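I am opening my notebook on one chain. These entries record what I looked up.

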Amino acid sequence: MILKPASRNLACSAGALILGVLPQLVQAAAWTRPQGDLLILFPMSYTVADEAFDENGDRVDRRRFEMVEFSPLLEYGITDSLTGGLQPKYRHVSVDTLNGKESNSGLAETDLFLRQRLWQRDQAAFSIQGLVKVPISPDEEDPAALGRDQVDLDIKLLYGNRHGAGRGTIFYNGELGYRKRFEGPDDEIMANAFLGWTPGGPWSFILRSANTFGVGNEDGNSEVLTAGPSFTRHDVQFMAIYRLPNSMAIVGGVSNTYAGENVGVGNTGFMALTLPF
């Protein structure tokens, strides 16, 4: 059975899956930037999906969906314990339909956020972060929609720590969050964690688990593929970071949706360049 696409949902979930967490992974999540410190991040990702998990968690075929996203991020240290930032998202979406392939491009939305460090001891930190997603031009009714024409609000608690390991460093982070969606799909609970290792040279490696749980009731609609009305999604992500001598860094990685219900099976590759000032 081939189910019809739900492209606007996937545009809001599969692409954001990587780019939404990449800045936090590079900066060890719970930590804030020093006062007056600026980070500019230039990430780009490619996402493809031709399968979905239905309401029973079984894989089913879906028409092919592809998305390229470019989402530059700026983070600035307002004080040593308060960091603010923004991240606009430009997308090119292609989706197979009954009438052939449909494509669309444009500036879909932007994220605005503040991260406040509440506690720190040695290398450990505990923070709270608030984020508002604001639509710009999502073209929600287009067959190849770029996103949803709605405002979302996130609140997260984050804990991170670092320890020496021989000549290198092990670092890890856990976060628990709630996303209020002022229109459909349903609100979400997020539980994520990552483990990273820097072996002592210019390389770092990170393995991350990302988990999202819809808080509403399933409606049993087998055509809901990606993000609604209530869904579960489990992703595993791997990235490598190479730090250049001039303090810049190159980031690359992959992500896969390995389980879920009422959600698309997103496969994503991404790379980024970081410029600290």
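Which strand gives the largest share of the nonpolar patch? I found that β2 does, with three residues. Strands here are DSSP runs of E, at least two residues long, numbered from the N terminus.

I noted that this is a predicted model, with pLDDT of at least 70 needed for local features and 80 or more for side-chain atom pairs, while totals for chains, interfaces and linings use all residues. Residues are numbered from 1 along each chain as its sequence is written, and side-chain values use heavy atoms, leaving out hydrogens and water.

Next I looked up salt bridges (a side-chain nitrogen of Lys or Arg within 4 Å of a carboxyl oxygen of Asp or Glu). By this rule I have 21 of them. One joins K89 and E109, at 3.8 Å from N to O. K89 is in strand β5 and E109 in strand β6, 20 residues apart.

E109 also pairs with K133, with 3.9 Å between the closest N and O atoms. K133 lies in strand β7, so this pair ties together parts 24 residues apart in sequence.

I then checked burial (buried is under 20% relative accessible area, exposed over 50%, partly exposed in between, with a 1.4 Å probe and protein chains only). K89 is buried at 3%, E109 is buried at 3%, and K133 is buried at 7%.

Last, I looked up R208 and E175, whose side chains form a salt bridge of 3.8 Å, N to O. R208 sits in strand β11 and E175 in strand β9, 33 residues apart. R208 is buried at 4%, and E175 is buried at 8%.

Notes: Helix = DSSP H or I, 4+ residues; strand = E, 2+ residues; numbered from the N terminus.
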